Structure formats: C-alpha cells, structure tokens
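I opened my notebook and went through this one step by step. Here is what I looked up.

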Amino acid sequence: MNTLTQISLTIFLLLMAAVYLPIGLWAIIAPAQDALGLELPSFYEAVGLSVISPIGYSEFAGIYGGINIVIGLMFLIAVSYTHLRAHE
C-alpha cells in the first residue's frame, strides 16, 4: 500500500471513529443527563424517538449507544491494524 493511500485510509478511519464514538456516548448518557445536570440537546428529539416506559431507556442506550460505540471502536482497531501492516 502506498503512502498516500495509507494516509487517506487512516484519516477516513479516524474521522469515522470521531463521529461514531461521541454519538454512542451521547446515547448512553441521554437517560441520565438530567440527573447529571448536563446541558446537552436531547438525543431522543435528535433521532425522533420517544421513550414511554423505564425499560425503554436501557434499550435505547444499549442499542443506539452500544452499537455506535462498538462501530467507533472497530474503526480505531482498523487504524491500529493498518499501521501494523504498514510496518511489515
């Protein structure tokens, strides 16, 4: 893999991780943001959902938060993998 491709791939993967990780964290802390006193916009309004039962909060955090964090971590793992492959 040439240097330009390596740099482009690394930038893309880091940008994707920078997008997915904060969204996942935002979704996980959304149910508790009032209790924590955080002045963040409502994640529920941003995605157009409403929660009508207490179990819905955990499902929301688990699905939206968990999946986005895992996707962001996979992008970070891909960055480290591409750097390891570049040094072979």
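My first note is a term: buried means under 20% relative accessible area, exposed means over 50%, and partly exposed is in between (1.4 Å probe, protein chains only). I also wrote down that helices (H or I, at least four residues) and strands (E, at least two) are DSSP runs, numbered from the N terminus.

This is a predicted model, where local features need pLDDT of at least 70, side-chain atom pairs count only at pLDDT 80 or more, and totals for chains, interfaces and linings use all residues. Residues are numbered from 1 along each chain as its sequence is written, and side-chain values use heavy atoms, with hydrogens and water left out.

Next I looked at the whole chain. I found 4 helices and 0 strands in the protein chain. Its C-alpha trace spans about 50 × 20 × 20 Å along the principal axes. Of its 88 residues, 24% count as buried.

Then I turned to α1. Helix α1 covers residues 3–29, which is 27 residues. I listed its buried residues: Gln6, Thr10, Leu13, Ala17, Leu21, Gly24 and Ala27. Why that spacing? An α-helix has 3.6 residues a turn, so residues three or four places apart point the same way.

Where does the side-chain oxygen of Asn2 reach? I found it at the start of α1, within 3.4 Å of the backbone nitrogen of Leu4.

Last, I checked Tyr64. Tyr64 lies in helix α4, which runs over residues 54–86. I noted Tyr64 as partly exposed, because its relative accessible area is 31%.

Key. Expected span 1.5 Å × (residues − 1). Polar contact = N/O pair within 3.5 Å; in protein donor to acceptor, adjacent residues only side chain to side chain.
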